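I opened this entry to keep track of what I looked up, helix by helix. The structure goes in first, and my notes come after.

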Amino acid sequence: MINKKEFNFRTILSISLISAMGGLLFGYDWVVIGGAEPFYKIFFDIADSPRLQGLAMGSALPGCLVGAILAGFLSELVGRKKSLLIASLLFTMSAIGVGYSGSLGVFIIFRLIGGFGIGIASVVSPIYIAEVTPGEYRGRFVSLNQLTIVIGILAAQLMNFLIAEKVPEGASDEFIRNSWNGQMGWRWMFWVMTVPSTVFFVLALVLPESPRWLTKKNEPEKALKILSRIGGAGWAVEQLAGIRQTFDNNGDEKVNLRALLSRNVFPVIVLGIVLAIFQQWCGINIIFNYAADIFRSAGFSVSDALFNIVITGTFNLVFTFVAMATVDRLGRRKLMIIGSAGLAVIYILLGGSFYYHYSGIVTLVLILTGISVYAMTLAPVTWVILSEIFPNKVRGAAMAVATSFLWIASFIIVYTYPMLKRAFDAHGTFCIYALICVAGCIFICKKLPETKGKTLEELETELLK
């Protein structure tokens with residue numbers, strides 16, 4: 001057995017970080033709209049239409065769905081590396097186009113293009129990292145993708161706060177429409193993303209291809225070379241032998257629907273789909289997407305709400321480091337149970353705070369607690385599990401299926417929040433999310449096995465029994 005000192009952690013870390021830049025752009029593009037929302041909704045004159053607000057806020061999500069589906073084909077057809085390069089170009093197009101949009105229709109079109117990038121990155125980045133890292137360290141390295149998502153979220157929140165000028169208390173819609181914020185500020189919030197997307201494209205050019213994808217394409221010599229860079233010659237030979245055993249005749253197999261629906265594979269697909277849906281329906285992304293609205297409901301001004309959003313991003317970042325430190329020690333299953341149960345309790349308390357009008361600091365503390373629990377459990381751990389439970393020969397396609405359901409679930413929850421809030425008020429809406437978390441906790445306790453410390457091939461053997 002190889003000594004951990006023989007692993008080239010500098011190589012593993014560098015290629016994981018470059019790949020995880022897809023997560024950074026995912027996080028920025030996903031959350032930047034929340035800070036821009038108080039201004040673009042007035043610019044586009046949709047402040048009195050919950051339906052159009054939900055459409056604008058969720059406009060990237062159909063693109064995320066299509067991008068995730070495309071990623072399954074792209075990552076298998078052209079490889080993980082080229083798929084990441086395509087995602088970086090889509091992010092750049094979206095950032096420029098959204099910033100220049102003069103109508104709601106153009107805004108939605110370029111948000112859709114950004115969604116394509118998010119969908120591809122959300123599938124390919126964690127898969128790539130999982131396929132190039134040793135099993136005993138896979139959890140923390142795949143969690144780097146979530147870390148960069150969180151950094152992207154915090155960067156978007158900081159940029160929104162720094163770009164937006166202070167809004168006077170009680171400012172009218174007409175004042176905001178004619179202000180810097182209403183005319184140009186929200187545009188610059190999107191344009192900033194062109195810088196990291198360009199850097200991502202340049203750095204992704206030097207990434208090696210996934211050794212497991214190369215093996216599937218019957219190029220074991222190239223795969224062996226990359227594996228040797230990661231863990232040395234002896235480890236590389238051992239790993240390649242295990243990888244080749246998971247492919248029939250080392251062939252360039254095409255994934256078809258029958259393979260995904262086979263008796264052994266389908267239950268694993270269902271497990272991944274349910275976990276992906278639950279990560280979105282647990283409700284925390286409502287806080288990120290509608291943070292300004294939620295904080296205003298709790299009695300904060302627009303400017304104070306933007307500052308509070310930065311605080312939530314900081315807590316999100318700090319507790320993601322907690323997840324990285326514990327995911328390979330405590331294990332995936334235990335963290336998922338802690339997260340689902342913890343959020344259920346927090347949502348009940350948060351619903352009570354809105355019902356009894358405990359606004360201000362009480363609401364802020366509960367939101368920060370919820371984000372902290374999510375950041376150290378469901379947020380990173382779900383992506384780790386999805387990247388490792390699917391068999392080698394269908395991983396790209398299976399990940400695309402699970403991630404597609406994730407984006408469908410995300411669209412539903414983002415689109416329905418304004419209507420749920422109008423029907424049940426904030427307190428009733430968060431109680432609904434609490435019930436979903438209880439159901440998720442029960443499912444995890446019954447169906448999710450522990451996956452820590454095992455190679456992808458060992459997990460494949462175990463899960464396909």
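This is a predicted model: local features need pLDDT of at least 70, side-chain atom pairs count only at pLDDT 80 or more; totals for chains, interfaces and linings use all residues.

**Helix lengths**

I began with α18, residues 361-376. Its 16 residues should span 22 Å at 1.5 Å a residue, and I found its end C-alpha atoms 23 Å apart, so the two values agree. I also looked up which residues of α18 are buried, and among them are Leu364, Leu368, Ile371 and Ala375.

Next I took α11, residues 220-245.

**Two helix pairs**

Before the pairs, I reminded myself that packed helices are described by the angle between their axes and the distance between the axes.

I paired α1 with α4, residues 80-100. Their axes come within 10 Å and cross at roughly 25°. An angle under 35 degrees counts as roughly parallel, so α1 and α4 are roughly parallel to each other. The crossing is left-handed. On the α1 side, the contact is made by Ser19, Gly22, Leu25, Phe26 and Asp29; on the α4 side, by Leu84, Phe91 and Ser94.

I paired α5 with α20, residues 395-447. The axes are 10 Å apart and the packing angle is about 135°. I noted α5 and α20 as oblique to each other for that reason. Their crossing is right-handed. Among the contact residues I listed Ile118, Gly119 and Pro126 of α5, and Met399, Thr403 and Trp407 of α20.

**One arginine**

Last, I looked up Arg138, which is found in α6, residues 138-163. Is Arg138 buried or exposed? Its relative accessibility is 1%, and buried means under 20%, so Arg138 counts as buried. Leaving aside neighbours within four places in sequence, I found Arg138 in contact with residues including Asp328, Arg332, Glu388, Lys454 and Leu459.

Definitions and conventions
Residues are numbered from 1 along each chain as its sequence is written. Side-chain values use heavy atoms; hydrogens and water are left out. Helices (H or I, at least four residues) and strands (E, at least two) are DSSP runs, numbered from the N terminus. The expected span of a helix is 1.5 Å times one less than its number of residues. Axes are lines fitted to C-alpha atoms, for helices over the stretch in contact, and angles run from 0 to 180 degrees between N-to-C directions. Angles under 35 degrees count as roughly parallel, over 145 as roughly antiparallel, 65 to 115 as roughly perpendicular and the rest as oblique. A crossing is left-handed if the near helix is turned anticlockwise from the far one by less than a right angle, and right-handed if clockwise. Contact means heavy atoms within 4.5 Å. Buried means under 20% relative accessible area, exposed over 50%, partly exposed in between (1.4 Å probe, protein chains only).
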